[in-house]
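Me: I have just opened a protein model and would like to learn how to read it. Could you take me through it step by step?

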Amino acid sequence: MLSSFHFHLKHVLQAVCGLEAVVLRSFGPEGGQVLFTRDTGQAMLSRSGTRILTALRLEHPLARMVVECVWKHSTVTGDGSKTFILLLASLLRMIHTMACKEPNVSHSYNSREAAEAATARCLADELLAFALEEMDDLIAIGVVPYGFCDLWEGFTAETQSPAHTNNHGVQKLLASFFHTRLGQIHCDYISNLACQLLRHLKFKKDQPFLALQFVNDNFPALHTPVSGFPISCSRLIEGQVIHRDFAMPCPRTDQQPVKAVVFTGYLQPQLFSAGDVLEVGCGNHMIEENSRKEKSIVEFSAWSERSLECVIANLQSLGVSVLLSAVKQSAAVMALAAQAEMWVVECISEDELSLFAQLSGTTPVSDCWIIEPVNVATLTFCRPILLGVHRYDSKLLFFNHIYKSYIYIYMYRVTKIHIVCKEIHMNTSQDFDLYVHVAFHDLEERVMVRPSSLVICGPGEGQTDQYACAFQDAIRMLLTTCKPVGMTAATISKRTLQSQRSTSLHTDDRSNKIAYNSFQQRVLVPSCVIPAGGTFEFLLNHALLHHGRSSSVSDSTNIPAVSQLLANVLLSVPRQIYSHSPRHFLQIQSRGHGTSEIPLKDVFMLDLGLESVSCKYELLLAVLQCVTSLLRVDTVLCTHTALHTQSRRLTNISWEGTEDEAED
């Protein structure tokens, strides 16, 4: 029989408060980095909320559930992990307080705990329903007018002074993001690098969504992590970097342009496929059968070699000199390619081949007997590129080079064996990270992007991975920022009519149209950002309080109480940001209620950069949905069967390839 135990509201609150105590160490502009260590000696130094939470070894099922919600939210918006936990803990504390104050005990419930749980679930449902129906309207009216909606204006200008570049809204937004993820030291450099990458992409004015989506979809193939160097060595490289080396020493040639073909399968026909079984036996009958099979195998091998020669001849007639393969080709393919002076790159990932096909405008070859000009890509160049250096043990290199010598002896003439052996002897002390660098011919005529590969450097593998994850999360954050936050046309008309009825009974169609256009211009513009440092929370707090007071007393809903509750929860974020100066927090809160008459820059004096209004809106909805899910959990069944492996993957994701690292 499975063991089980019941959860009460206080258990949920305790689990979330434990997570809050962890992330508060790195929250806000004054937050530091968190150091994790393992018994094996591995260490991780990070300021990323998602990475910190997923690195915890959690046994509490509700804590794992919360981390799962945070991880899912972060993979979509790329931001808000620590604020997620802070808002969640504050909201649960206030729900717990309100549930305990209610007259809970009645004939409908067996205990006070059950009555409190029912009241908490009811409050959570009301909060979520209120947010889904009213929150976007309140943000559009109370927050968006104080923001900046011309984020991408002039961003792709070819000539910009350094001062204008550093003061651009996109750069400020990225700098604020990287400050919370990587600290103050590297935020400016990596934000400038991100801006350079985005400027290399061609997109229409105020329409960066397609460019950001392109980078997000192809980020694994667009970036190259390099360990052992400071982050200041990170840079952009024109074209695409394929994360594989040439399968054989490529001849030095200045031939331009270069023609290449992508193969998804084997060039040489295979005798056996995966799962095939070859029966071998004894006896007169079996001897005759084996002799017949051996003859068939020899005949098949001869036929496959002739077929391969025809394929290579066809490639030569098309002028192809580079073969890009998704699988490892046979030794016969390598030998014939070497004789034909073709370069071969094997075992290329699916993401990289997909990006290559997209940028080159070609179709990968699935059937080697059908190779047409549409399958041939024209490249400006295709050459090896050195990024980083790794040192290995000399014994491992010795066996590795023996294997290489065996392959090269099979492929090359005797006069070339000495050259190969000489290269092996020169490289016995170190092995370089050699990749393939390609540039595309007439790219702007086919696609609307000008790709550049991003080389991300870091002191260690774990820290380099953190920089790469932060970079991709920044792209996701910008994608979320480009989404418009506002009311629909029907809601705009309803709000306009309500406003007119409350102010005057003498309105005409012209004033109605003016009001409609005013609302439309205010709320339907995407890419809205607002000064960071609690500005969003203060403004929305004021809008919620005003909305609660203006709600009808005769309304059957609990809007005033829900608005008050959510408004108080929002203040937990700026209260933590200004925890080092409570007086400053009180001054901003008192002056913030009069923002309609006081300029925003005079109310919020700290220069903490910018943050996205859309990301804040998505964060609030995610927190409220998480609270609703948590409070619906009543009983936990303990089982020894693995029902879901996602949590195990989350707990190990931050430790993959992590070594002892230190801050520069």
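Reply: Let us go from the overall picture to single residues. Keep in mind that this is a predicted model.

Me: How many helices and strands does the protein have?

Reply: There are 25 helices and 15 strands. The protein has 664 residues, and 47% of them count as buried. Its accessible surface comes to about 33900 Å², with 54% of that belonging to carbon and sulfur atoms.

Me: What share of the contacts with a separation of 6 or more is between residues 24 or more positions apart?

Reply: That share is 79%. Here is a case you can find on screen: L19 and V67 are 48 residues apart in sequence, and their C-alpha atoms are 8.9 Å apart in space.

Me: Is L19 buried or exposed?

Reply: L19 is buried because its relative accessibility is 3%, and buried means under 20%. You will find L19 in helix α1. Beyond its neighbours up to four places away in sequence, L19 touches L53, L56, L58, A63, V66, V67 and I85.

Me: Which residues have the most contacts inside the largest nonpolar core?

Reply: The general idea comes first. In soluble globular proteins, nonpolar side chains tend to be buried together. In this structure, the largest nonpolar core has 77 residues, and those with the most contacts inside it are F84, L88, L91, I95, M135, I139 and L540. Helix α24, residues 613-631, gives the most to this core, with 12 residues. Another core lies apart from it, with 62 residues, among them L201, F440, L479 and V529.

Me: Which nonpolar residues form a patch on the surface?

Reply: Look for W303, W369 and I370, which together have about 350 Å² of accessible area in a nonpolar patch. W369 is in the loop between α13 (350-360) and β10 (376-390). With a relative accessible area of 51%, W369 counts as exposed, because the cut-off for that word is over 50%.

Me: How many salt bridges does the structure hold?

Reply: Again, the idea first. Side chains of opposite charge can pair when their charged atoms come close. This structure holds 8 salt bridges. In one of them, the side chains of E20 and R93 meet, at 3.0 Å from N to O. This pair links distant parts of the chain: E20 is in helix α1 (residues 9-23) and R93 in helix α4 (residues 81-101), 73 residues apart. E20 is buried at 8% relative accessibility, whereas R93 is partly exposed at 33%.

Me: Which residue forms a salt bridge with D465?

Reply: The partner is R51, and the closest N and O atoms of the two are 3.0 Å apart. This pair also links distant parts of the chain, with D465 in helix α16 (residues 461-481) and R51 in helix α2 (residues 49-55), 414 residues apart. R51 is buried, with a relative accessible area of 9%, while D465 is partly exposed, with 30%.

Me: What does E611 touch, leaving aside its neighbours within four places in sequence?

Reply: E611 is in strand β14, residues 610-612. Its contacts include L173, V529, I530, P531, A532 and K616. With K616, E611 forms a salt bridge, the closest N and O atoms being 3.7 Å apart. E611 is buried at 15% relative accessibility, and K616 is buried too, at 10%. Elsewhere, salt bridges that share partners join R181, D473 and R476 into one network.

Conventions: Residues are numbered from 1 along each chain as its sequence is written. This is a predicted model: local features need pLDDT of at least 70, side-chain atom pairs count only at pLDDT 80 or more; totals for chains, interfaces and linings use all residues. Side-chain values use heavy atoms; hydrogens and water are left out. Patches are made of residues with over 30% relative accessible area and no salt bridge: like charges are joined within 9 Å, nonpolar side chains (Val, Leu, Ile, Met, Phe, Trp, Tyr) within 5 Å. Accessible areas come from the Shrake-Rupley method with a 1.4 Å probe; for residues, only the protein chains shown count as cover. A salt bridge is a side-chain nitrogen of Lys or Arg within 4 Å of a carboxyl oxygen of Asp or Glu. Helices (H or I, at least four residues) and strands (E, at least two) are DSSP runs, numbered from the N terminus. Buried means under 20% relative accessible area, exposed over 50%, partly exposed in between (1.4 Å probe, protein chains only). A nonpolar core is a set of buried Ala, Val, Leu, Ile, Met, Phe, Trp, Tyr and Cys residues joined through side-chain atoms within 4.5 Å. Contact means heavy atoms within 4.5 Å.
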